[in-house]
Amino acid sequence: MLRGLRPEAFGAEARGKRLARIQASPHFADGVFRNPSGPTRTTPDPSSRRELAKGLLDREARALRAPARPIPLHPTTLADLAAPPAGGLRVTWLGHSTVLTEIDGHRVLFDPVWGQRCSPVTFAGPRRLHPVPAPLAALGPVDVVVISHDHYDHLDMPTIKALAGTDTLFAVPLGVGAHLERWGVSSTRLRELDWHESTGVGSLTLTANPARHFCGRGLRNTQHTLWASWTVAGERHRVYHSGDTGYFEGFRDIGAEFGPFDVTMIQLGAYSEHWPDIHMTPEEGLRAHLDLQGGTPGGALLPIHWGTFNLALHPWAEPAEWLHDVAGAAGQPVAFPRPGEPFAPGGELPADPWWRAVSAPLVRHWSRPAEPAAEVSPAAGQEPAGER
């Protein structure tokens, strides 16, 4: 009876054979999944909670956590996706960690979130800062949906319910399949993996890899679902999606086994000194990309987990501006698409710092390299970011 009272958005807890498989995992100990780099702090230290509350309530800082003007969306997303990618690989960032990747004749959709809020309820919780660039149904057939973990900004119940009525497969970490089954996804369409396990979808090989994070959707976090980063290898191309993660040395191992990658989709938003173990700063995100590429610049880096939801204390545009600086200094190519803008990782990358035209001025707290002479100027009347 108590299970029947559990809100639908909380999903379902693993039971039976699924729970037995979780308990047999080498990454599960003392009743919880463990991170690859030892104990991980997932909540603010009690001594810093007053400082955190002050930051949340500060009016000036709060204003910086949202764009000053509407975020520009790419206007022709659906038309651009109508033809197959000429080089066999095309990537479309749809906001936050949602990315459509067309790779070697297959379509892979990572962490699809079309909901208006990343929350178990519709009337509260972080709300979108920009509309979804294209309707979910208009994207067309998707071969496989890949979920990194079960937090609300990565696993969205309304979106999964919409996809449950299609023929797509779902690749998820251990335990997450229980949520999807409750929302109408058949067990025959689930590929539920532990770290280092792989599954085939057509000519693609998808592998769940370690990440440094945590899980949970309900009031009682049982840590009975796993979190993962993912590699997808096709006949010609390879891509990496980090999910949510703190920096750890395991990126080098993933790169050595599966890289180098044509593109890495790297989380570098919602970071904070109050939870340094579970999200990366832009500088750490760049370091992770370089580790994945064998230690030297290469491939394309697509920043994800920024720009769509306000989930931390840092200014809205800071992740992009910070990465723009440190990647430029390192000589690493970065794609900065507007939401909905497809690009080919092997071609000319979208590089316009478009966020500057819609952001309040930023104060740089990181070292700033010299600006190139051909730097794109902000829109007329817009103070350059970082000049305050």
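A residue is called buried when its relative accessible area is under 20%, exposed when that area is over 50%, and partly exposed in between, using a 1.4 Å probe and protein chains only. The structure described here is a predicted model, in which local features need pLDDT of at least 70 and side-chain atom pairs count only at pLDDT 80 or more, while totals for chains, interfaces and linings use all residues. Residues are numbered from 1 along each chain as its sequence is written, and side-chain values use heavy atoms, leaving out hydrogens and water.

Let us begin with the chain as a whole. Of its 388 residues, 57% count as buried. Its secondary structure comes to nine helices and 15 strands; helices (H or I, at least four residues) and strands (E, at least two) are DSSP runs, numbered from the N terminus. A contact means heavy atoms within 4.5 Å. Among contacts between residues at least 6 apart in sequence, 68% join residues at least 24 apart.

Ten of the 13 residues of H9 are buried: Glu318, Pro319, Ala320, Glu321, Trp322, Leu323, His324, Asp325, Val326 and Ala327. These buried residues pack against helix H8 (282-292) and strand E14 (300-304). After H9 comes glycine 331, with a positive phi near 75°.

Now for a sheet. Strands of a sheet pair through backbone hydrogen bonds, either parallel or antiparallel. Two strands count as paired if DSSP finds at least two bridges between them. Seven strands form an open sheet in the order E8-E7-E6-E5-E4-E3-E15, with mixed pairing. Its edge strands, E8 (190-193) and E15 (342-343), each pair on one side only. Within this sheet, E3 (residues 89-95) and E4 (residues 98-103) are antiparallel partners over six bridges, and valine 91 stands opposite threonine 101 in E4.

Finally, there is space inside the model. A cavity is a set of points, on a 1 Å grid over the protein atoms alone, where a 1.4 Å probe fits but cannot get out; lining residues have an atom within 4 Å of a point. Grid points are joined across faces, edges and corners, and a volume is the space filled by probe spheres set on the points. Two cavities of 30 Å³ or more are found.

Methods. On a 1 Å grid over the protein atoms alone, a cavity is a set of points where a 1.4 Å probe fits but cannot get out, and a pocket is an open set with protein on both sides within 12 Å along at least five of seven lines; lining residues have an atom within 4 Å of a point.
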